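Have the viewer open and follow along.

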Amino acid sequence: MVNDFYLYKDMTLCHLCRVWPDPQPKGAPQYNSYGVTVAEAELDVLTGENQINQVDMLFDCGESMNPAIDIGQIEGAFVMGMGYWLMEKVIYDPDTGEVLNAGTWDYKPPFSKSIPINFNIELLKNAPNAMGVLRSKASGEPPQCMSCVTLFAVKRAIEAARQDIGKDSYFPLSGPATVDVIQISCLVDYKHFSI
């Protein structure tokens with residue numbers, strides 16, 4: 001397999017897309033944003049309610065012009081992404097395509113209680129971006145991609161609950177993992193209850 005990889009040494013597994021009004025000028029700014037995130041989730045197997053207890057993130061935003069603003073952008077993007085992965089299920093009418101849950105009565109975006117209890121963000125130090133404005137990098141959109149860690153943490157919590165009842169077979173968990181999906185995935189059976 002390693003030899004097969006070296007046959008494709010010029011192949012890249014990264015997808016890059018840039019839109020320029022005219023042909024791309026030489027020396028146009030290009031860079032990648034990097035980060036790593038870990039999350040811890042807790043859930044109630046009877047209701048499917050969940051809480052993200054802790055998130056630890058290290059994010060590369062180049063040489064931050066204003067760390068407070070960058071951290072605010074990172075927090076906002078991450079919580080917005082949490083909504084996408086854990087709460088915001090849009091329901092459409094199959095015949096007309098009309099959105100059936102357009103209001104907050106049925107559509108649940110993140111709110112103040114959705115924020116992780118311990119939300120630790122650290123900006124990578126000594127990582128100037130030669131191609132960025134004042135050696136910085138974007139801090140608004142990239143952390144939204146890292147919010148998928150919350151779905152993975154919830155899935156691991158469900159796997160632990162299923163293992164406790166001896167049903168630890170594979171199951172898919174797609175986003176958004178709403179409370180009803182989580183509760184059903186836990187395979188709770190009233191026959192296991194005792195007083």
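Is asparagine 126 buried or exposed? With a relative accessible area of 79%, asparagine 126 is exposed. Keep in mind throughout that this is a predicted model.

**The overall layout**

The chain has five helices and three strands, and they come in the order α-β-β-α-β-α-α-α along the sequence. Of its 195 residues, 30% count as buried. If you take contacts between residues at least 6 apart in sequence, 67% of them join residues at least 24 apart. As for surface, the chain exposes about 13,600 Å², and carbon and sulfur atoms supply 58% of that.

**The loop between strand 3 and helix 3**

Back to asparagine 126, which sits in the loop between strand 3 and helix 3. Its backbone is worth a click: phi is near 55°, a positive value in a residue other than glycine.

What does alanine 127 touch, leaving aside its neighbours within four places in sequence? Alanine 127 is in contact with Asp60, Gly62 and Glu63. The C-alpha atoms of alanine 127 and glutamate 63 are separated by 6.1 Å, although the two residues are 64 apart along the chain.

Aspartate 60 turns up again in a salt bridge with lysine 137, at 2.6 Å from N to O. This pair links distant parts of the chain: lysine 137 is in the loop between strand 3 and helix 3, while aspartate 60 is in the loop between strand 2 and helix 2 (67-86), 77 residues away. Both lysine 137 and aspartate 60 are buried.

Serine 139 belongs to the loop between strand 3 (118-123) and helix 3 (142-146) as well, and at 8% relative accessibility serine 139 counts as buried. Which side chain does serine 139 meet in a polar contact of 2.8 Å? The partner is aspartate 70. Not counting residues up to four places away in sequence, serine 139 touches Phe59, Cys61, Asp70, Gln73 and Ile74.

**Cysteines**

How many disulfides does the structure hold? The count is zero. Cysteine 145 is in no disulfide, and the nearest cysteine sulfur, that of cysteine 148, is 7.9 Å away. Cysteine 145 is exposed, with a relative accessible area of 59%.

**Salt bridges**

A search of the whole structure finds three salt bridges. Here they are side by side:

| Salt bridge | N to O distance |
|---|---|
| Lysine 137 and aspartate 60 | 2.6 Å |
| Lysine 155 and glutamate 159 | 2.9 Å |
| Arginine 156 and glutamate 159 | 2.5 Å |

Lysine 155 and glutamate 159 are separated by about one helical turn because they are four residues apart in helix 4. Arginine 156 and glutamate 159 also both lie in helix 4, three residues apart, again about one turn of the helix. Salt bridges that share partners join Lys155, Arg156 and Glu159 into one network. How covered are the members? Lysine 155 counts as buried at 16% relative accessibility, glutamate 159 as partly exposed at 23%, and arginine 156 as exposed at 59%.

**A cis peptide, another positive phi and a nonpolar patch**

Now for the loop between helix 4 (148-164) and helix 5 (179-185), where proline 176 lies. The peptide bond from glycine 175 to proline 176 is cis, with omega near 0°. For context, most peptide bonds are trans.

In the segment after helix 5 you'll find leucine 187. Its phi is near 55°, a positive value in a residue other than glycine, and leucine 187 is partly exposed, with a relative accessible area of 30%.

Finally, which residues make the nonpolar surface patch of about 490 Å²? They are Val45, Leu46, Val188, Tyr190 and Phe193. Among them, valine 45 lies in the loop between strand 1 (35-43) and strand 2 (50-59), and counts as partly exposed at 31% relative accessibility.

Notes:
Residues are numbered from 1 along each chain as its sequence is written. This is a predicted model: local features need pLDDT of at least 70, side-chain atom pairs count only at pLDDT 80 or more; totals for chains, interfaces and linings use all residues. Side-chain values use heavy atoms; hydrogens and water are left out. Patches are made of residues with over 30% relative accessible area and no salt bridge: like charges are joined within 9 Å, nonpolar side chains (Val, Leu, Ile, Met, Phe, Trp, Tyr) within 5 Å. Accessible areas come from the Shrake-Rupley method with a 1.4 Å probe; for residues, only the protein chains shown count as cover. A salt bridge is a side-chain nitrogen of Lys or Arg within 4 Å of a carboxyl oxygen of Asp or Glu. Helices (H or I, at least four residues) and strands (E, at least two) are DSSP runs, numbered from the N terminus. Buried means under 20% relative accessible area, exposed over 50%, partly exposed in between (1.4 Å probe, protein chains only). A polar contact is a pair of N or O atoms within 3.5 Å; within protein, one must be able to donate a hydrogen and the other to accept it, and residues adjacent in sequence count only if both atoms are side-chain atoms. Contact means heavy atoms within 4.5 Å. A disulfide is a pair of cysteine sulfur atoms within 2.5 Å.
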